[in-house]
Amino acid sequence: MQKAIELSIENVKHGGGPFGVVISQGGTIIATGVNLVTIHNDPTAHAEITAIREAARVLGTFDLSGCEIYTSCEPCPMCLSAIYWAHLDKIYYGNTKTDAKDIGFDDSLIYDELQLKAEDRKIKMEQLLPEEAIQAFVDWKYKEDKVEY
């Protein structure tokens, strides 16, 4: 955790957001990440995401089972989802989402939006071409050599 905190502090000094992450496996650091949203002009470049991408590259797999993540702040909804998709075993965090909200990183809109029906959300959603779109799902369902995740 100390390394994640150090990364978050250093990242602020270098123009990034105040977030740092370490991913470990068996007590060994596999990957680190920092918030690069403004540096890369990438709204998905949160520290957790950059660390997960690096850990997957280092380990050569999308399945990070057996790994733990240490993040300087409680993960936002996007990062929490990525952590679940990566199958990380445990999350350790320093600051809370309330601490993040207090300095302008407020995820409450997203949490609130997820509770609403699609038609009631701020960003409107509309389904198009469902009859055509379903074909990829049918193909996937019956594909014998698929790699499930």
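Contact here means heavy atoms within 4.5 Å. By that criterion, Asp107 touches Cys76 and Pro77, leaving aside residues up to four places away in sequence. The model is predicted. The protein has 149 residues, and its secondary structure consists of seven helices and four strands.

**Fold and dimensions**
- The order of elements along the sequence is α-β-β-α-α-β-α-β-α-α-α.
- The C-alpha trace spans about 50 × 40 × 25 Å along its principal axes.
- Of contacts between residues at least 6 apart in sequence, 45% join residues that are at least 24 apart.

**Burial and surface**
- Buried residues make up 30% of the 149 in the protein.
- The accessible surface is about 10100 Å², and carbon and sulfur atoms account for 56% of that area.

**Charge**
- There are 24 negative side chains and 14 positive ones.
- The centres of the two sets lie 1 Å apart.

**Asp107**
- Asp107 sits in the loop between α5 (97-102) and α6 (108-114).
- Asp107 is buried but has no salt bridge.
- A salt bridge requires a side-chain nitrogen of Lys or Arg within 4 Å of a carboxyl oxygen of Asp or Glu.
- Cys76 and Pro77 are the residues that Asp107 touches once those up to four places away in sequence are set aside.

How values were computed. Residues numbered from 1 in each chain as written. Predicted model: local features only at pLDDT ≥ 70, side-chain atom pairs only at ≥ 80, totals over all residues. Heavy atoms only, no water. Helix = DSSP H or I, 4+ residues; strand = E, 2+ residues; numbered from the N terminus. Buried < 20%, exposed > 50% of the residue type's maximum accessible area, 1.4 Å probe, protein only. Areas by Shrake-Rupley, 256 points an atom, 1.4 Å probe, with all protein chains shown as cover. Lys, Arg positive; Asp, Glu negative; His and termini not counted. Charge placed at Lys NZ, Arg CZ, Asp CG, Glu CD.
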